[in-house]
Amino acid sequence: MNRHAFSTVIMATIVAGSLLLAPQITFAANIGLDRSIAGNTAANIRRAHPAPVNIDLSNYIDTENSKLHYEDESLSLDVIPVFDYISLVQPNGRSAHVSDYDNALYMYGQNHNILSIGGAAAKFQNKTNETMVIDINSSSISVGSFKGKIMLPGTQFVAEQTSNYAPLVIPPNGSAQAIFFRSDYFLAQPGMLASWTHPVDTIFFGENVMGNGEWALNVNGKYIMPTFDARLSKDKMSSFIKTK
């Protein structure tokens, strides 16, 4: 089985807002990517909002130096990080200061579109002849600096810490897919541009974006504790790198 041959569902969070009127700003040592790498979400890069917009960069993972597979006698699990970009803006809509993000990856646009990580797509394969149940509510993930409760797509941000989910049920010898988002969103700014975002975990070539923590997945009442490693390849992304 190709461990990475499954698609990442793209869940785009779009918040209405006017275009920034601020001029282009030089990004010092930051590494810029042409926004065409964002594919169908590229048109949203010019929006003035801090809410993350998720993009699929699975084709640019350095698979040889990443660890995206877990397997034991009862199940196998493949993961792919879900990246996003966050437009750094102040409450007045002007571009925010970005000196703290030197050498981080960003995408060209009228805003400061810093790449970050919002979660992971997961594919489970039940290797047994019995039904497998994964309790989402008592499980946790590690992505970037975040370690904690799983948030599923469609959850209201105000309920991210109190939400309860139905278990993920996998039939005998069957498979299931899910997207697990981080659950540390906060209200970024008030007023007409109000939106929710998460802390920025800057992305660098060759560094593990999944963080240093373990996942804790409650499978049939017992925990498995896998760790994952995902790194973006500079070689695979070279055609998108832009310099000023």
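This is a short walk through the structure shown above, from the whole chain to a few of its residues. The model is predicted, so local features are described where pLDDT is at least 70 and side-chain atom pairs where pLDDT is 80 or more, while totals for chains, interfaces and linings use all residues. Residues are numbered from 1 along each chain as its sequence is written, and side-chain values use heavy atoms, leaving out hydrogens and water.

Let us begin with the overall picture. The protein chain has 15 strands and zero helices; both are DSSP runs numbered from the N terminus, with helices (H or I) needing at least four residues and strands (E) at least two. Of its 244 residues, 54% count as buried. Here buried means under 20% relative accessible area, exposed means over 50%, and partly exposed lies in between, using a 1.4 Å probe and protein chains only. The chain exposes about 11,200 Å², and carbon and sulfur atoms supply 50% of that area; accessible areas come from the Shrake-Rupley method with a 1.4 Å probe, and for residues only the protein chains shown count as cover. Among contacts between residues at least 6 apart in sequence, 78% join residues at least 24 apart, where a contact means heavy atoms within 4.5 Å.

Now look inside. In soluble globular proteins, nonpolar side chains tend to be buried together. A nonpolar core is a set of buried Ala, Val, Leu, Ile, Met, Phe, Trp, Tyr and Cys residues joined through side-chain atoms within 4.5 Å. The largest one here has 57 residues, and those with the most contacts inside it are L77, L115, F124, F180, M210, W215 and L232. Among the elements giving two or more residues to this core are strand 4 (75-87), strand 6, strand 10 and strand 13. Strand 4 provides the largest share, seven residues.

The structure holds four salt bridges, each defined as a side-chain nitrogen of Lys or Arg within 4 Å of a carboxyl oxygen of Asp or Glu. Two of them involve R182, which meets D184 at 2.8 Å and D201 at 2.9 Å, N to O. R182 and D201 belong to distant parts of the chain, 19 residues apart: R182 is in the loop between strands 10 and 11, and D201 is in the loop between strands 12 and 13. Both R182 and D201 are buried, with R182 counted so because its relative accessibility is 0%. Through shared partners, R182, D184 and D201 join into one network.

Another salt bridge pairs K127 with E71, their closest N and O atoms being 3.0 Å apart. K127 lies in the loop between strands 6 and 7, while E71 is in strand 3, 56 residues away in the chain. K127 counts as partly exposed because its relative accessibility is 34%, and E71 counts as partly exposed at 44%.

Finally, visit S66, in the loop between strand 2 (53-55) and strand 3 (69-71). S66 counts as buried because its relative accessibility is 16%. Its side chain reaches the backbone nitrogen of R231 at 3.0 Å. Not counting residues up to four places away in sequence, S66 touches I61, D229, A230 and R231.

Terms used
Polar contact = N/O pair within 3.5 Å; in protein donor to acceptor, adjacent residues only side chain to side chain.
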